[in-house]
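Here is a short report on a protein model with the sequence beside it. Keep the structure in view as you read.

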Amino acid sequence: MSWRDAGPPAALVVIFVVFAALSSQFRSIDNVQNIMDAAAVLAVVTCGITFVLMMGSIDLSAAGVMGASALTVSLLVANNRNDNDLGILAIGVAVLVGAGFGCVSGLALVFLKVPSFMATLGVSAVGLGVATLMFAGVQPNISDAMLKSWAIERFLGFSHLTWIAAACLVVGWLIQRYTRLGRYAFAIGGAEEVLTLSGVRVQPYKIAVFTLAGAFYGLGGVMVTSQLGAGLVQAGDGYDFSAITAAVVGGTLLTGGRGGVLHSAVGVLLVVVLTNGLVQVGVSPYWQGGVQGLIVVAAVAAAVIPQRRRNQVVK
Amino acid sequence: MSVHVDQEPTTSVPVPVPALEVRGLVKHYPGVKALDGVDLVVRQHEVLGLAGENGAGKSTLLKALVGLVRPDAGEIYVRGEPVKLRSVVEAANHGIGMVFQEQSLVPNLTAAENIVLGSEGIAVRRGLYRWNAMRRLAQEQLDKIGSSIDPLARTDTLSFADRQMVEIAKVLRIEERSQHPPVIILDEPTSVLESKEIETLFEQIRRLREFASVVFVSHRLDEVLDVCDRVTVLRGGQSVGEVATAGAVPGELHRMMIGSSGSDDHYHGNAAAPVLAEQPRLSVRGLSGKSFRDVDLDVAAGEIVAIVGVHGSGREDVCRALFGAEPTTAGEILMDGKKLELPGTRAACAAGIGYVPAERKTEGMVGPMSVAENMTLTKQKARCSGPLVAPKKQATLVDSWISRLSIRTPGRDTAIQRLSGGNQQKVVLARWLVGGDIKLLLLDHPTRGLDIGARSEVYRLMRELAGSGVATVLLADSLEEAIGMADRILVMNDGRVAAEVACPNGGKPSPLDLVKEMV
């Protein structure tokens with residue numbers, strides 16, 4: 001951790017203190033619980049996308065993959081559309097479906113040389129298509145007790161979803177720190193050419209990183225289904241760009257090689273605290289979107305100041 | 001320069017097999033013969049120097065030795081066995097490793113990870129990192145060179161010299177792979193080191209000799225003589241000689257590097273006598289930047305001034321600074337007596353300065369765009385009437401320059417990347433001419449990668465422009481080119497102007513006169 005990484009946590013503290021000073025509503029225990037619960041799904045999705053961004057690639061497939069996994073899980077657990085009742089197994093299948101979509105993105109990148117931007121955009125559309133087919137015009141409402149309880153029941157004040165998200169962050173951090181996959185994802189973003197010159201075949205790792213990210217989106221889709229009590233095609237709406245925003249605000253560079261899961265966790269909290277705080281201090285809903293956007297751009301501009309140089313090409 | 005020369009190690013083997021031997025290596029590139037039958041012998045436990053001018057084939061030879069370039073003909077033998085090297089990994093398996101000129105470490109990984117990268121062994125089991133084992137493995141390598149770097153430090157927090165040690169430690173991993181004494185190639189390792197760091201590096205190299213063979217490449221010949229046991233000199237893709245360093249002097253090596261041919265005739269045109277106006281067209285005073293200090297430079301209208309210097313002398317940065325593309329910390333640049341408000345390249349363009357960059361493909365042209373677009377990229381006014389592009393005006397303008405510079409292209413709408421290098425370069429030059437307001441041209445290696453025919457056309461063009469009153473600053477590809485083209489030569493050394501040599505027709509200096517000041 002260098003001083004460059006201190007910015008986002010500092011910003012989080014500042015924003016939190018400012019909102020807490022302005023609004024007694026904001027600093028209530030209830031609201032802190034709300035913030036954490038609201039951050040849960042975004043944290044899981046961002047955790048996955050972080051590995052892709054660390055490589056210097058981009059992933060726009062989250063929305064589609066989450067839709068597909070949401071429909072998968074809602075049709076496999078006890079529901080009003082069929083007689084399936086696979087319980088926890090269904091959740092595993094939905095995560096695998098997500099991993100499969102991620103794997104397709106990786107394969108398209110490595111073998112068809114499709115840039116990740118387009119490959120994942122395509123996979124997102126395919127995911128939405130698959131979800132729509134499964135939806136087939138009739139919304140599957142879930143009756144699986146465990147899955148429904150995730151969003152409702154609390155442990156130590158936080159919903160199960162929040163604890164699942166925390167577990168995901170720990171797992172993500174372990175992967176990043178203690179596996180070759182995580183370290184190579186980091187290294188690919190730093191200097192891919194050097195890896196090749198050192199005799200490392202980077203392609204399998206790229207595919208694996210997209211697969212891993214897909215698995216996280218898959219779990220994200222399951223979590224949204226738990227919140228909604230039903231499988232919707234639009235389960236992942238907006239999460240693709242929110243996750244990228246959270247990761248970048250947390251200090252992960254889109255050019256790769258910097259950042260990580262913990263950075264992203266901070267970024268997620270920044271985004272969620274901002275959204276929540278603006279509501280609590282009474283900023284008009286008409287203003288919120290614009291204000292939030294400005295703050296995000298300002299945060300990123302502050303983050304890249306140390307790296308600016310003359311005649312730099314920014315795309 | 002007293003050097004202790006290690007003789008052949010006294011082993012029981014009657015005639016020791018060379019650690020590495022190259023016979024008759026040939027490599028063609030389009031238009032160039034980079035290697036033309038090179039021979040090279042690296043004995044066991046010796047430090048072999050490799051010397052040669054730019055373009056002598058050094059880097060191609062090194063790349064062939066680590067499997068990055070596949071030779072068209074010739075043989076490479078490792079400890080007497082013929083080998084085919086198809087990749088860096090294969091070369092490493094044969095015990096050959098290289099410390100690259102541009103450092104090849106992943107900046108955001110730890111030193112330890114970089115050292116074991118690609119051959120992690122016990123440090124990674126089933127994809128899981130074992131940081132303790134990794135630190136131990138890295139420490140073993142660092143111990144070999146007696147380095148005290150923290151293996152778990154992030155590489156980009158280390159100094160350049162420390163990173164180089166990491167790189168050497170990394171290369172030494174091949175010892176475990178091949179189970180033989182390795183051959184370590186160091187490509188220009190000293191170019192960015194301070195003198196104290198260089199001394200440390202040399203101690204390191206002498207230590208390496210105990211258990212490895214070393215190939216050392218440097219532009220600084222005193223260093224080569226200092227640290228090497230033997231030097232092989234390359235010229236024009238061939239090995240032209242071998243010198244035992246004991247008692248040798250840099251001058252001897254220079255003569256072999258440059259050869260007896262001297263300057264080629266085709267450089268010598270009828271240089272127009274410079275217009276001796278009251279004030280010089282370009283006048284630079286005390287210009288300082290990251291890699292150069294206190295540079296003074298005057299160029300008169302019609303004059304060609306060449307700046308020469310070895311790699312790292314700072315001349316490229318000076319040239320870019322004149323165009324506002326490199327930050328400066330002090331000094332001023334005057335055009336016709338008026339101070340230029342740099343930084344930024346717009347001020348330079350507006351003042352009538354043109355820059356032809358060395359990296360033509362990435363900085364000089366927009367490959368997929370047409371000849372016409374490339375030619376009118378900067379001087380938009382020349383092709384516009386009002387705010388809009390006037391197609392007829394553009395066509396007339398571009399066609400006239402195509403014929404004036406005899407650019408061989410199927411038409412003005414052809415993508416520039418389909419032209420030959422020489423014709424591309426003419427289009428890049430024309431970009432500065434179409435506005436009709438060019439006063440000073442900065443030519444950064446304008447003939448790089450061009451064949452002889454194209455070169456002489458570029459030379460003719462430079463002469464014509466100088467004749468019409470354009471002042472020129474030239475960073476030449478070779479000393480001969482600088483001597484042949486320039487009216488005056490500035491020699492740069494370590495960021496400073498070391499000498500200024502008049503270079504009139506009929507009184508040209510010899511390359512050796514310049515080399516004296518360069519090193």
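## Chain A as a whole

In this predicted model, 52% of the 315 residues of chain A count as buried. The chain is built from twelve helices and two strands. Read from the N terminus, the order is α-α-α-α-α-α-β-β-α-α-α-α-α-α. The radius of gyration of chain A is 20 Å, close to the 20 Å that the globule rule gives for 315 residues, so chain A is as compact as a globular protein of that length.

The C-alpha trace of chain A spans about 60 × 55 × 35 Å along its principal axes. Now take the contacts in chain A between residues at least 6 apart in sequence. Of these, 78% join residues at least 24 apart.

## Two helices that cross

Two packed helices are described by the angle between their axes and the distance between the axes. In chain A, look at helix H4 (residues 88-111) and helix H9 (residues 203-228). Their axes come within 6 Å and cross at roughly 145°. The crossing of H4(A) and H9(A) is right-handed. Which classes of residue make up the contact of H4(A) with H9(A)? There are 18 nonpolar, ten polar and one charged.

## Two residues of chain A

A:Ala299 sits in helix H12 (residues 285-304) of chain A. Is A:Ala299 buried or exposed? A:Ala299 has 22 C-beta neighbours inside 10 Å, so it counts as buried; the cut-off for buried is 20 or more. Leaving aside neighbours within four places in sequence, A:Ala299 is in contact with A:Ala11 and A:Val249. A:Val281 is 18 residues away from A:Ala299 along the chain, and their C-alpha atoms are separated by 21 Å.

A:Lys113 lies in the loop between H4 and helix H5 (116-135) of chain A. A:Lys113 is not a glycine, yet its phi is positive, at about 55°. A:Lys113 counts as exposed because it has 8 C-beta neighbours inside 10 Å, and the cut-off for exposed is 12 or fewer.

## Where the chains touch

How many residues does each chain bring to the contact? Chain B gives 19 residues, and chain A gives 19 residues. On the side of chain B that touches chain A, helix H2 (88-93) and strand E8 (128-129) of chain B each supply at least two residues. H2(B) gives the most to this side, with three residues. Sorted by class, this side of chain B has 14 nonpolar, four polar and one charged residues.

B:Gly24 is part of strand E1 (residues 20-29) of chain B. B:Gly24 counts as partly exposed because it has 14 C-beta neighbours inside 10 Å. Beyond neighbours within four places in sequence, B:Gly24 is in contact with B:Gly37, B:Asp39, B:Ala73, B:Gly74 and B:Glu75. B:Gly24 and B:Pro71 are 47 residues apart in sequence, and their C-alpha atoms are 9.9 Å apart in space. B:Ser406 is in the loop between helix H14 (391-404) and helix H15 (421-433) of chain B. B:Ser406 is a residue other than glycine with a positive phi, near 35°. With 11 C-beta neighbours inside 10 Å, B:Ser406 counts as exposed.

Key:
Residues are numbered from 1 along each chain as its sequence is written. Chains are lettered from A and ligands numbered from 1 in the order in which they are written. This is a predicted model: local features need pLDDT of at least 70, side-chain atom pairs count only at pLDDT 80 or more; totals for chains, interfaces and linings use all residues. Two residues are in contact if their C-beta atoms, placed from the backbone, lie within 7 Å. Helices (H or I, at least four residues) and strands (E, at least two) are DSSP runs, numbered from the N terminus. Ala, Val, Leu, Ile, Met, Phe, Trp, Tyr, Cys and Pro count as nonpolar, Asp, Glu, Lys and Arg as charged, and the others, Gly among them, as polar. Axes are lines fitted to C-alpha atoms, for helices over the stretch in contact, and angles run from 0 to 180 degrees between N-to-C directions. A crossing is left-handed if the near helix is turned anticlockwise from the far one by less than a right angle, and right-handed if clockwise. The radius of gyration is taken over C-alpha atoms; the globule rule is 2.2 Å times the number of residues to the power 0.38.
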